[in-house]
Amino acid sequence: MSMRFDGRVAIVTGAGGGLGRCHALALAARGAKVVVNDLGADGRSSDAAAQVVAEIEAAGGEAMASGASVTDAAAVDVMVAETMARWGRVDILVNNAGILRDKSFAKMSLDDFRLVVDVHLMGAVICTKAVWEIMRAQNYGRVVMTTSSSGLYGNFGQSNYGAAKMALVGLMQTLSLEGVKNDIRVNCLAPTAATRMTEGLMTAEVLAALRPETVSPGLLYLVSEDAPTRMILNAGAGSFERAYVTLTEGVYIGDGPDAAEQIAARIDEIGDRAREIVPESGTAQGTFEIGNATAALKKS
């Protein structure tokens with residue numbers, strides 16, 4: 001069956017170019033009404049957003065532009081209020097806006113660290129908070145956080161970006177639990193794509209393979225009516241994978257005087273992934289550990 005979004009209203013941040021533009025066009029092509037949010041490459045205008053709106057309208061779709069900064073809670077509230085005034089609902093939020101300030105940690109200023117965390121993490125928090133009660137009231141919502149392999153696995157020179165992107169995974173994990181009863185599904189998309197943030201960093205051949213258009217099908221799935229929740233979907237160059245945050249079975253060691261030495265001696269056993277699990281929530285770790293301790297005490 002064709003995946004459609006007729007009657008749905010989507011807000012896509014950072015949608016003036018690159019991934020966000022492709023996401024917005026893909027949603028509109030399948031019937032969604034789209035708010036194209038973008039502060040502009042110069043950080044002062046929404047001209048890029050207006051151009052994407054024009055593309056959508058030329059193709060017969062409905063869209064509106066917003067130049068709100070995702071770090072400005074008041075401006076985001078106005079954007080959401082204007083969306084509600086025009087279309088009466090918000091079904092989909094794609095937190096895509098982002099910036100880069102790459103340097104090794106030794107050379108990075110605290111201002112550059114804060115700025116990247118503010119845009120990626122707090123920008124997503126602010127936008128999600130602005131639509132959360134709307135989604136709860138209508139008992140429907142689809143939210144996507146844009147994470148990154150730099151957060152999931154690390155990347156030299158991107159401590160600020162990686163920290164913010166992994167924080168978004170933690171945000172997704174908790175919001176997916178809190179949104180269940182109101183059918184609000186929250187997921188993460190980890191794209192590999194050539195965007196204006198990566199210009200000059202890759203060869204022409206690599207850039208051609210990593211077209212943003214190859215990522216957007218994954219986004220469509222994560223915001224569809226039958227979307228999963230708590231999924232980390234990786235996407236790039238037409239390939240799709242899943243990432244997991246797992247917990248190994250571990251071993252019980254206790255707190256004896258040689259506990260640290262036992263950990264060192266048995267670290268391979270502790271890290272054995274043969275029976276690892278994907279916990280349903282953060283409380284699983286404590287439950288698991290208490291179970292191990294109880295079982296060990298019964299044997300003693």
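The side chains of Asn95 and Thr128 are joined by a polar contact of 3.1 Å, a polar contact being a pair of N or O atoms within 3.5 Å, of which, within protein, one must be able to donate a hydrogen and the other to accept it, with residues adjacent in sequence counted only if both atoms are side-chain atoms. The model is a predicted one, in which local features need pLDDT of at least 70 and side-chain atom pairs count only at pLDDT 80 or more, whereas totals for chains, interfaces and linings use all residues. Residues are numbered from 1 along each chain as its sequence is written, and side-chain values use heavy atoms, with hydrogens and water left out.

Asn95 belongs to strand β4, which spans residues 92–95; strands (E, at least two residues) are DSSP runs numbered from the N terminus, as are helices (H or I, at least four). With a relative accessibility of 7%, Asn95 counts as buried, where buried means under 20% relative accessible area, exposed over 50% and partly exposed in between, for a 1.4 Å probe and protein chains only. When neighbours within four places in sequence are left aside, the residues in contact with Asn95 (heavy atoms within 4.5 Å) include Thr13, Gly123, Ala124, Cys127, Thr128 and Val143.

Cys127, one of these contacts of Asn95, is itself buried, at 1% relative accessibility. Under the criterion that a disulfide is a pair of cysteine sulfur atoms within 2.5 Å, the count comes to 0 disulfides. Cys22 is accordingly in no disulfide, the nearest cysteine sulfur being that of Cys127, 20 Å away, and Cys22 is also buried, with a relative accessible area of 7%. For Cys127, the closest cysteine sulfur is in Cys188, at 15 Å, which is too far for a bond.

As regards aromatic groups, a search of the whole structure finds 1 aromatic pair, with rings of Phe, Tyr and Trp (its six-membered ring) taken to pair if their centres lie within 6.5 Å, and with planes under 30 degrees apart counted as stacked, over 60 as edge-to-face and the rest as tilted. This pair is formed by Phe105 and Phe113 and is edge-to-face, with 6.4 Å centre to centre and 80° between the planes. Phe105 counts as exposed at 59% relative accessibility, while Phe113, at 23%, counts as partly exposed.

The ring of Tyr140 has the charged end of Arg8 over it, 3.7 Å from the ring centre, and Arg142 lies over the face of Tyr140 at 4.2 Å from the ring centre; the criterion is that NZ of Lys or CZ of Arg is within 6 Å of the ring centre and within 35 degrees of the ring normal.
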